[in-house]
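This briefing goes from one residue to the overall fold and then to selected local features. Please keep the sequence and the model in view while reading.

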Amino acid sequence: MSSKTNACRLLDKHKVPYTVHEYEWDEENLNAKHVAEQIDLQIEQVFKTLVLRGDKTGVIMACIPAHKELHLKLLAAASKNKKVEMVPMKEILELTGYIRGGCSPLGTKKNYPLYIDESALTFSLISISAGKRGLQIFMNGAELINVSNAIPVCLTM
């Protein structure tokens, strides 16, 4: 297995059970369908992490099923912002320590507020980025919410 990522170290520290799965990635094909096929999971179980900025709270993160679109107004309301917008791609590494296609909701440089789509609670197993392209963490959705202190809310329509 590849060297441990910050996300893996955090889970180890809190003794949260997980497994790491490597897959072949390609710069031109970072989409959820490709990842789901590579790791042999239903697309609904693959979650992506987005980095946003709220007009009142600053940087926040959202973790949603990878085949869905984030509903910005739902996230704004949940995070007590009037408006939220995606952080420019060039800022993601500096803010989180992760790059596009490898951004994990765990182990970021700073502990930003994290909002997870409540559908994560319906799966005993979900997949999130381990913090590196081509590396996914499989874990229980409720455990992810617990270890990350995330707020489960409806974020997609």
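In which segment is Thr156 found? Thr156 is found in the segment after E8, where helices (H or I, at least four residues) and strands (E, at least two) are DSSP runs, numbered from the N terminus. This is a predicted model, in which local features need pLDDT of at least 70 and side-chain atom pairs count only at pLDDT 80 or more, whereas totals for chains, interfaces and linings use all residues. Residues are numbered from 1 along each chain as its sequence is written, and side-chain values use heavy atoms, with hydrogens and water left out.

**Thr156**
- Thr156 counts as buried because its relative accessibility is 6%, given that buried means under 20% relative accessible area, exposed over 50% and partly exposed in between (1.4 Å probe, protein chains only).
- Not counting residues up to four places away in sequence, Thr156 touches Ile64, Pro65, Lys68, Glu69, Leu70, His71, Leu74 and Asp117, a contact being heavy atoms within 4.5 Å.

**Overall fold**
- The secondary structure comes to five helices and eight strands, which follow the pattern α-β-α-β-β-α-β-α-β-β-β-α-β along the sequence.
- The C-alpha trace spans about 40 × 30 × 30 Å along its principal axes, and buried residues make up 48% of the 157 residues.
- Of the contacts between residues at least 6 apart in sequence, 62% join residues at least 24 apart.

**Surface and charge**
- The protein exposes about 8300 Å², of which carbon and sulfur atoms supply 51%; accessible areas come from the Shrake-Rupley method with a 1.4 Å probe, and for residues only the protein chains shown count as cover.
- There are 19 positive and 17 negative side chains, and the centres of the two sets lie 9 Å apart.
- In this count Lys and Arg are positive and Asp and Glu negative, with His and the chain ends not counted, and the place of a charge is taken as NZ of Lys, CZ of Arg, CG of Asp or CD of Glu.

**Helix H5 and its surroundings**
- Within helix H5 (residues 141-148), Gly141, Leu144, Ile145, Val147 and Ser148 are buried.
- These buried residues pack against helix H1 (6-13) and against strands E5 (114-117), E6 (126-132), E7 (135-139) and E8 (151-153).
- At the start of H5, a side-chain oxygen of Asn140 reaches to within 2.8 Å of the backbone nitrogen of Ala142, while just after H5 Asn149 takes a positive phi of about 55 degrees.

**Thr5**
- Thr5 lies in the segment before H1 and is buried, with a relative accessible area of 8%.
- A polar atom of the Thr5 side chain lies 2.5 Å from the backbone oxygen of Ala130.
- Leaving aside neighbours within four places in sequence, Thr5 is in contact with Ala130, Lys132 and Leu135.

**Positive phi in loops**
- Asp40, in the loop between helix H2 (32-39) and strand E2 (47-54), has a positive phi near 60 degrees and counts as exposed at 70% relative accessibility.
- Lys80, in the loop between helix H3 (72-78) and strand E4 (84-86), has a positive phi near 60 degrees and counts as exposed at 65% relative accessibility.

Definitions and conventions: Polar contact = N/O pair within 3.5 Å; in protein donor to acceptor, adjacent residues only side chain to side chain.
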